[in-house]
Structures are given as C-alpha cells and as structure tokens.
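I am opening a new notebook page for this chain. My plan is to look up what sits inside, and then how the whole is laid out.

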Amino acid sequence: MNIDLDLLAYLAGKGVRHLEASVAGTSYLPRTVRGVGLFLLDRDGNLGVLTAKQQVTYEKFLKPLLFDVPCRGETGPESCRGNGLIEPDLLLQGFREDDLRCRECRTARVELNTKKEG
Ligand SMILES: [Zn+2]
C-alpha cells in the first residue's frame, strides 16, 4: 500500500485538526504524530526508514487516517450505503470538506437534493 503523499501533506499541514482529533484522549502529542508525518513526507512515504517507535505512532494514528477511514453515512456509520469505508480517492476531499462519506453516500445525497429541488 503506497501512502497518498498529498493526503499526508494535508494532514500534517492545513488539515492538522484531523490529526489532533485522532490523538485526543491518548497520551500522544499531536506534534509527535505530525512529526512522524513530516518525516515520512521528506522520505517520500518510505515506511522502511521509521524507527520502531515512529512505526508504532504511524500504525496507531497515521495509517488509520490514510487507509482506513469509516464512512459517517447520512446519520452515522450504521447508515452507510456502501461498504463502510471511504474510497482512497475521496479521502483528501472528505477531510478538506469535513465530509467523511463514501462514494455511495455522497451520490445518494446528491440525488436526494436534486429531487428536492426538482
Ligand atoms: Zn457510506
């Protein structure tokens, strides 16, 4: 699995609030997680350069945001119309817009709005 470097750059930069949210309530500091993200960016996402400690931080906080983001559906994860996960190509857009939903759910919303307007 290759890391989406654009997505990682966003999470370690403008979208750092998403990192902060995932770190909240743990003993980790957002800047630690962000640091690992920036380190990875400098090395083109090459996980092989991480120390054991960085690897743990990556697995715990960065990997779930890069590869494994649950769809929030219309009213919560249980209302997802897809397979429950957001497609990789929609993640960056989803984080940017704070609209974490999969393609199925996004399409359903658009159709709903079109009907209302028509
Ligand atoms: Zn969904």
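Which residues in the largest nonpolar core touch the most other members? I note before answering that the model is predicted. I looked up the 21 residues of this core and found that Leu 8, Leu 11, Leu 62 and Leu 65 touch the most other members.

Next I asked which helices supply the core. I found at least two of its residues in each of helix 1 (5–12), helix 3 (30–42), helix 4 (52–67) and helix 5 (88–97). Helix 4 gives the most, with 5 residues.

Then I checked the core against the domains. Domain 1 (1–68) and domain 2 (71–94 + 101–118) both give residues to this core, so the core lies between them.

Last, I turned to the whole chain. How many helices and strands are there in the chain? I counted 6 helices and 0 strands, and from the N terminus on I wrote the order down as α-α-α-α-α-α. The C-alpha trace spans about 55 × 30 × 25 Å along its principal axes. Of the 118 residues in the chain, 21% are buried. I also looked up contacts between residues at least 6 apart in sequence, and 52% of these join residues at least 24 apart.

Note on methods. Residues are numbered from 1 along each chain as its sequence is written. This is a predicted model: local features need pLDDT of at least 70, side-chain atom pairs count only at pLDDT 80 or more; totals for chains, interfaces and linings use all residues. A nonpolar core is a set of buried Ala, Val, Leu, Ile, Met, Phe, Trp, Tyr and Cys residues joined through C-beta atoms within 7 Å. A residue is buried if 20 or more other C-beta atoms lie within 10 Å of its own, exposed if 12 or fewer, and partly exposed in between; C-beta atoms are placed from the backbone. Helices (H or I, at least four residues) and strands (E, at least two) are DSSP runs, numbered from the N terminus. Domain bounds come from an automatic or database domain assignment. Two residues are in contact if their C-beta atoms, placed from the backbone, lie within 7 Å.
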